Amino acid sequence: MHAITLAPSLLAGDHANLAASARVVSDHGLSWLHLDLMDGHFVPNLTFGPETLAALRRAGSKLFFDTHLMLSEPHRYVEAFAKAGANLISIHIEPSYDHAATLARIRQLGCQNGLVLNPDTPASAIEPHLSAVDLILVMTVQPGFGGQAFRRDMLPKLRQIDAWRRERSLTFRLEVDGGVDLATGPECRAAGADTFVAGTSFFRAPDKPAFIAAVNRW
Ligand code: DX5
Ligand code: ZN
């Protein structure tokens with residue numbers, strides 16, 4: 001299946017110098033960057049927008065932009081994020097809009113698509129879409145802020161989605177986001193995750209090569 005992929009979250013980087021924080025990621029030989037977009041409505045926080053992605057591209061970033069839209073109306077913005085340089089665009093299942101059409105639209109725009117579920121949302125909510133996605137993102141914290149404690153009660157949900165993936169011979173990635181570190185990551189890996197968002201644990205790691213090597217052994 002998919003090799004272990006570490007996606008450092010720019011939310012934990014230096015917001016006065018995001019390009020430098022993105023370079024920390026690429027300089028360590030990583031290829032993915034997780035970008036958290038918040039609208040102050042779906043989640044009680046604000047971050048940045050498509051112009052920030054475009055500026056990171058202009059600053060030379062060639063990282064794979066794993067774009068996590070925490071927006072009440074994501075369907076209104078997928079085109080803007082695709083044009084700005086997103087490679088993968090993930091949308092949440094919780095707000096009401098046409099999820100299937102938006103997932104299809106993301107692919108038409110030349111990006112991979114992802115579907116995200118919050119801790120309180122059961123796996124059954126995303127189950128009808130499994131054959132139409134490139135990635136499922138299981139939130140292991142309530143979205144909105146970095147640095148929160150990992151929700152171990154999300155592990156059965158990961159195992160359920162991984163089981164569906166095997167039973168149906170599907171190839172989507174299974175990503176986890178929130179409180180992932182050297183202690184909790186291996187538990188996610190054992191439950192089927194292959195793609196790991198790490199904000200605080202990556203940017204605060206004093207020895208990043210050692211951190212990355214440890215992740216690759218999960
Ligand atoms: C939270 C975001 C996460 C956040 C994770 O709403 O979706 O991507 O950056 O941060 P840590 O890894 O510190 O929990
Ligand atoms: Zn995220």
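Let's start with Ser 21, which is found in helix H1, residues 18-27. Helices here are DSSP runs of H or I with at least four residues, strands are runs of E with at least two, and both are numbered from the N terminus. This is a predicted model, where local features need pLDDT of at least 70, side-chain atom pairs count only at pLDDT 80 or more, and totals for chains, interfaces and linings use all residues. Residues are numbered from 1 along each chain as its sequence is written, chains are lettered from A and ligands numbered from 1 in the order written, and side-chain values use heavy atoms, with hydrogens and water left out.

Back to Ser 21. Is Ser 21 buried or exposed? Ser 21 counts as buried, because its relative accessibility is 7%. Buried means under 20% relative accessible area, exposed means over 50%, and partly exposed is in between, using a 1.4 Å probe and protein chains only. The side chain of Ser 21 reaches the backbone nitrogen of Asp 14 at 2.8 Å. Beyond its neighbours within four places in sequence, Ser 21 is in contact (heavy atoms within 4.5 Å) with Leu 10, Gly 13, Asp 14 and Phe 203.

Next, helix H2, residues 50-58. Thr 52, Leu 53, Ala 54 and Leu 56 are buried there. What covers them? The cover of the buried residues of H2 includes H1, strand E2 (32-38), E3 and helix H3 (78-84). Just after H2, Gly 60 takes a positive phi of about 105 degrees.

Now the metal. Which residues coordinate the zinc ion, ligand 2? They are His 34 (NE2), Asp 36 (OD), His 68 (ND1) and Asp 177 (OD), at 2.0 to 2.3 Å. Donors are N, O and S atoms within 2.8 Å of the metal, or 3.2 Å for Na, K and Ca; water is not among the atoms, so sites may look incomplete. The six donor atoms subtend angles of 70 to 166 degrees, so the arrangement is octahedral. The rule for that: six donors count as octahedral, and four as square planar, if opposite donors are over 155 degrees apart and all others between 65 and 115; four count as tetrahedral if all angles lie between 85 and 135 degrees; anything else is irregular. In sequence, the donor spacing reads H-x1-D-x31-H-x108-D. His 68 lies in strand E3 (residues 64-70) and Asp 177 in strand E7 (residues 173-177), so this pair ties together parts 109 residues apart in sequence. His 68 counts as buried because its relative accessibility is 0%.

On to the rings. The structure holds four aromatic pairs. Rings of Phe, Tyr and Trp (its six-membered ring) pair if their centres lie within 6.5 Å; planes under 30 degrees apart count as stacked, over 60 as edge-to-face, and the rest as tilted. Take Phe 196 and Trp 218: centres 4.9 Å apart, planes at 80 degrees, so the pair is edge-to-face. Phe 196 is in strand E8 (residues 195-198), while Trp 218 is in the segment after helix H8 (208-216), 22 residues apart. Both Phe 196 and Trp 218 are buried. Phe 202 and Phe 211 are also edge-to-face, at 6.3 Å centre to centre and 75 degrees between the planes. Together, Phe 202, Phe 203 and Phe 211 form one aromatic cluster.

Conventions:
A polar contact is a pair of N or O atoms within 3.5 Å; within protein, one must be able to donate a hydrogen and the other to accept it, and residues adjacent in sequence count only if both atoms are side-chain atoms.
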